[in-house]
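I opened this one to see how the chain holds together. My notes are below, in the order I looked things up.

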Amino acid sequence: MALPRPPSSNSYNVVWRGFCDGRPPTVSPDNTSKVVGRAQGVYASASQKDVSLLMAFNFFFTEGKYSGSMLRILERNAPLEDLRELPILEGSGLFRFAQGYAHARTHTSTSSRGMRL
């Protein structure tokens, strides 16, 4: 999943909107990894002091056992932290009544291309 570039140190109340169709969910962070679904959502700046995003995403699975199922995540994501817990709000298909959390780690980060989880 691709994330926007961090704001400059003097920018406040900056809001981004976006979607993840450019970098669909894959088995691993490798560019040649198998695509397993689609991600749709929005993100906005969530802090004036550090890099932090409020993110709302739906992950739709299109491959294998979970094809046709979906997970919905709403989170405050601080991508510069080593490990983040992302709450799972709900799901559909095989994930119906899902609750819990997912772990996220930043795999790569560049100022020109954003971050990849």
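What follows are my entries, from the overall layout down to single residues.

I am working on a predicted model, where local features need pLDDT of at least 70, side-chain atom pairs count only at pLDDT 80 or more, and totals for chains, interfaces and linings use all residues. Numbering starts from 1 along each chain as its sequence is written, and side-chain values use heavy atoms, with hydrogens and water left out.

**Layout.** I counted 0 helices and 8 strands. Here helices (H or I, at least four residues) and strands (E, at least two) are DSSP runs, numbered from the N terminus. Read from the N terminus, the order is β-β-β-β-β-β-β-β.

**Burial and surface.** Next I checked burial, with buried meaning under 20% relative accessible area, exposed over 50%, and partly exposed in between (1.4 Å probe, protein chains only). Of the 117 residues in the chain, 34% are buried. Areas come from the Shrake-Rupley method with a 1.4 Å probe, and for residues only the protein chains shown count as cover.

**Contact range.** I took contact to mean heavy atoms within 4.5 Å. Looking at contacts between residues at least 6 apart in sequence, I found that 37% join residues at least 24 apart.

**Core.** Which residues have the most contacts inside the largest nonpolar core? They are Met-55, Phe-57, Phe-59, Leu-71, Ile-73, Ile-88 and Ala-98, in a core of 13 residues. The strands giving two or more residues to this core are E2 (37-45), E3 (53-61), E4 (70-77) and E5. E3 supplies the largest share, 4 residues. For the record, a nonpolar core is a set of buried Ala, Val, Leu, Ile, Met, Phe, Trp, Tyr and Cys residues joined through side-chain atoms within 4.5 Å.

Leaving out residues up to four places away in sequence, Ile-88 touches Leu-71, Arg-72, Ile-73, Ala-98, Gln-99, Gly-100, Tyr-101 and Ala-102.

**Salt bridges.** Side chains of opposite charge can pair when their charged atoms come close. I used the rule of a side-chain nitrogen of Lys or Arg within 4 Å of a carboxyl oxygen of Asp or Glu, and the count came to 2 salt bridges.

- Glu-63 and Lys-34 meet through their side chains at 3.5 Å, N to O. Glu-63 is in the loop between E3 and E4, while Lys-34 is in the loop between strand E1 (2-3) and E2, so I logged this as a link between distant parts of the chain, 29 residues apart. Glu-63 is partly exposed at 36% relative accessible area.
- Arg-72 pairs with Glu-90, with the closest N and O atoms 2.0 Å apart. Arg-72 is in strand E4 and Glu-90 in strand E5, so the pair ties together parts 18 residues apart in sequence. Arg-72 is partly exposed at 28% relative accessible area, and Glu-90 is partly exposed at 35%.

**Asn-77.** Is Asn-77 buried or exposed? Asn-77 is buried, at 0% relative accessibility, and sits in strand E4. Its side chain makes a polar contact with the side chain of Arg-84 at 2.8 Å. I count a polar contact as a pair of N or O atoms within 3.5 Å; within protein, one must be able to donate a hydrogen and the other to accept it, and residues adjacent in sequence count only if both atoms are side-chain atoms.

**Nonpolar patch.** On the surface I found Leu-54, Leu-74 and Leu-89 forming a nonpolar patch, with about 260 Å² of accessible area together. Patches are made of residues with over 30% relative accessible area and no salt bridge, with like charges joined within 9 Å and nonpolar side chains (Val, Leu, Ile, Met, Phe, Trp, Tyr) within 5 Å. Leu-89 belongs to strand E5 (residues 84-92) and is partly exposed at 45% relative accessibility.

**Phe-97.** Most residues other than glycine have a negative phi. Phe-97, not a glycine, has a positive phi of about 65°. Phe-97 lies in the loop between E5 and strand E6 (100-104) and is exposed, at 77% relative accessibility.

**Arg-38.** My last stop was Arg-38, in strand E2, partly exposed at 41% relative accessibility. Beyond its neighbours within four places in sequence, Arg-38 is in contact with Pro-25, Asn-58, Phe-59, Phe-60 and Thr-62.
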